[in-house]
Amino acid sequence: MYSIYAIPVRRYSKKLTALVATLILLSNSLAGTLPFLRPETANAVTNYTEIPFTPSELSSNWTPDRTTPSGGYNSTSFGGRDDVLEMRIDTTNPSPTPGFYRTEGVQRQITDSDTVKADLYVDSSWYSQDVRAGLWAVGNDGSGITAYPIVEFIANNGGAYTGWRVWDGVNGGWTNSATAYNPNAWNTLEISLNKTTDQFDVLVNGSLITSNAGGGSTHIGAVILNSFNNANNDISYN
């Protein structure tokens with residue numbers, strides 16, 4: 001059994017018009033994805049929503065994705081923070097259906113958002129446990145799903161790799177990243193839609209990892225937090 005801790009999901013949308021520095025990271029049809037303290041645009045109308053993982057929020061707005069976390073999930077205090085989502089993965093109790101349904105997590109529908117961001121606590125105890133935990137966005141073009149951009153921390157993976165990796169939600173395929181991670185600490189994951197380039201920009205702790213195809217997405221319609229249950233080193237679904 002191990003636990004995944006995340007705090008809170010933040011989502012953004014905005015309109016832009018001239019250059020300034022700002023603390024909020026957003027994307028927009030007129031500008032690219034902007035990390036903290038990078039020049040943005042003045043006279044911007046910024047809509048910023050932070051969604052803490054309170055018990056009421058989890059019970060009202062979050063639903064299981066693929067498979068309910070095998071050890072359950074709840075709101076807790078952890079790592080010096082309150083309103084933390086804890087998802088417990090019980091490797092002795094995976095889905096009886098291997099592959100697709102071994103991914104356990106929760107999702108929330110959102111509207112009119114260009115960027116989603118959440119903090120993930122990377123626990124050094126994961127290194128020997130074959131853990132995968134990450135942030136998924138769901139791209140949408142107004143008529144349906146267009147992409148599933150993903151950034152996740154993968155530990156051990158059968159002894160092969162520990163670190164960040166990104167999924168191209170349009171063309172498929174994982175790409176490992178040498179971007180540093182903070183062990184036994186919070187790490188900020190971010191997926192932002194750049195409408196100018198039709199790409200999803202993926203950042204970890206403010207550093208751009210990569211930009212992948214957007215598939216014609218006009219906004220992010222949902223956010224998913226999950227982990228793959230390796231069922232005592234069964235890693236058949238990568």
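This is a tour of one chain, stop by stop, with what to select at each.

**Before you start**

The model is predicted; local features need pLDDT of at least 70, side-chain atom pairs count only at pLDDT 80 or more, and totals for chains, interfaces and linings use all residues. Residues are numbered from 1 along each chain as its sequence is written, and side-chain values use heavy atoms, with hydrogens and water left out.

**Whole chain**

Show the chain as a cartoon. One helix and 18 strands make up its secondary structure; these are DSSP runs numbered from the N terminus, with helices (H or I) of at least four residues and strands (E) of at least two. Of the 238 residues, 51% count as buried. Buried means under 20% relative accessible area, exposed over 50%, and partly exposed in between, with a 1.4 Å probe and protein chains only.

Contacts come next (heavy atoms within 4.5 Å). Of those between residues at least 6 apart in sequence, 65% join residues at least 24 apart.

**Trp186 and its ring partners**

Rings of Phe, Tyr and Trp (its six-membered ring) pair if their centres lie within 6.5 Å; planes under 30 degrees apart count as stacked, over 60 as edge-to-face, and the rest as tilted. The structure holds ten such aromatic pairs. In one of them, Phe78 and Trp186 sit edge-to-face, 6.3 Å centre to centre with 80° between the planes. Phe78 belongs to strand S6 (residues 73-78) and Trp186 to strand S15 (residues 185-194), 108 residues apart. Phe78 is partly exposed, at 23% relative accessibility, while Trp186 is buried at 13%.

Now turn to Tyr121. Tyr121 and Trp186 also form an edge-to-face pair, with 5.4 Å between centres and 80° between the planes. Because Tyr121 lies in strand S9 (residues 115-122) and Trp186 in strand S15, this pair ties together parts 65 residues apart in sequence. Tyr121 counts as buried, at 14% relative accessibility.

**Lys117 and Glu190**

Glu190 is in strand S15 and Lys117 in strand S9, 73 residues apart. Glu190 is buried at 3% relative accessibility, and Lys117 is buried at 2%.

**Helix H1**

Select Glu57 and Arg108. Their side chains form a salt bridge of 2.6 Å, N to O. It joins helix H1 (residues 55-61), which holds Glu57, to strand S8 (residues 103-113), which holds Arg108; the two residues are 51 apart. Glu57 is buried at 10% relative accessibility, as is Arg108 at 14%.

**Arg165**

Arg165 and Glu152 meet in a salt bridge of 2.8 Å, N to O. Arg165 is in strand S13 (residues 163-167) and Glu152 in strand S12 (residues 150-155), 13 residues apart. Both Arg165 and Glu152 are buried. Salt bridges link Arg132, Glu152 and Arg165 in a network.

Arg165 also lies over the face of Trp174, 3.9 Å from the ring centre. A charge sits over a ring if NZ of Lys or CZ of Arg is within 6 Å of the ring centre and within 35 degrees of the ring normal. For another example, select Arg66, which lies over the face of Phe100 at 3.8 Å from the ring centre.

**Last stop**

Select Trp126, Tyr127, Phe153, Trp164 and Tyr181. Ring pairs link these residues into a cluster.

Conventions. A salt bridge is a side-chain nitrogen of Lys or Arg within 4 Å of a carboxyl oxygen of Asp or Glu.
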